[in-house]
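Reader: I am new to this structure and would be grateful for a close look at one part of it, the sheet. Please describe how it is put together and what lies against it.

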Amino acid sequence: MKGKISIVTLGVTDLARATNFYEALGFKRYPFDAQGVAFFELDGSWLSLYPREALADDAGVAPAGVGFRGITLAHNVAEKGDVDTALAEAERVGARIVKQATDVFWGGRSGYFADPDGFLWEVAWNLSLIHISEPTRLRR
């Protein structure tokens, strides 16, 4: 298996609220003709929002679970000051700031926000960003 992530799917408690949050954050929603799911085209992959209970049922696991989920998503920015700008933008559209932007030991700058369902996003600036190729289009 290739080391590649094509789609990250978040199990959300309120699909409309989560969709509105990511649209307000500036994510480009993909016009997909399916009810009960939202897709957003990212740079090199996709973000999918799906009802939490339905996603758990699809995977055959219990939907219960709170607190730290053992995963964070990351958004890297091009300039050091962009970390603060991105965190402020996320907070403006409904995110909760978990960790304010700070200079970090590895020579960059980062901070964290939680989306409306509590999923953690790190916003980071680093001199050695990894650039990903353009995403492959979803097939209907």
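**The sheet and the helices beside it**

Author: In this predicted model, four strands make up an open sheet of mixed pairing, arranged in the order β1-β4-β3-β2. The edges are taken by β1 (7-12) and β2 (28-30); each has a single partner strand, so one side of each lacks a neighbour in the sheet. On average, and with direction ignored, neighbouring strands are turned by 30° against each other.

As a general point, the strands of a sheet pair through backbone hydrogen bonds, in either a parallel or an antiparallel sense. Here, β3 (residues 38-41) and β4 (residues 46-51) are paired in the antiparallel sense, over four bridges. Ala 38 has Leu 49 in β4 as its bridge partner.

Helix α1 packs on this sheet and touches β1, β2, β3 and β4. The direction of α1 makes about 155° with that of β4. Within α1 (residues 15-24), the residues Ala 18, Thr 19, Phe 21 and Tyr 22 are buried. Viewed down the axis of α1, these buried residues fall within an arc of 160°, and they therefore line one face of the helix.

Both ends of this helix deserve a remark. At the start of α1, Asp 14 brings a side-chain oxygen to within 3.2 Å of the backbone nitrogen of Ala 16. After α1 comes Gly 26, which has a positive phi, near 105°.

A further helix, α2 (residues 52-59), lies across β1 and β4. Helix α2 runs at about 100° to β4.

Notes:
Residues are numbered from 1 along each chain as its sequence is written. This is a predicted model: local features need pLDDT of at least 70, side-chain atom pairs count only at pLDDT 80 or more; totals for chains, interfaces and linings use all residues. Side-chain values use heavy atoms; hydrogens and water are left out. Buried means under 20% relative accessible area, exposed over 50%, partly exposed in between (1.4 Å probe, protein chains only). Helices (H or I, at least four residues) and strands (E, at least two) are DSSP runs, numbered from the N terminus. The arc is that of the directions from the helix axis to the C-beta atoms. A polar contact is a pair of N or O atoms within 3.5 Å; within protein, one must be able to donate a hydrogen and the other to accept it, and residues adjacent in sequence count only if both atoms are side-chain atoms. Two strands pair if DSSP finds at least two bridges between them. Axes are lines fitted to C-alpha atoms, for helices over the stretch in contact, and angles run from 0 to 180 degrees between N-to-C directions. Contact means heavy atoms within 4.5 Å.
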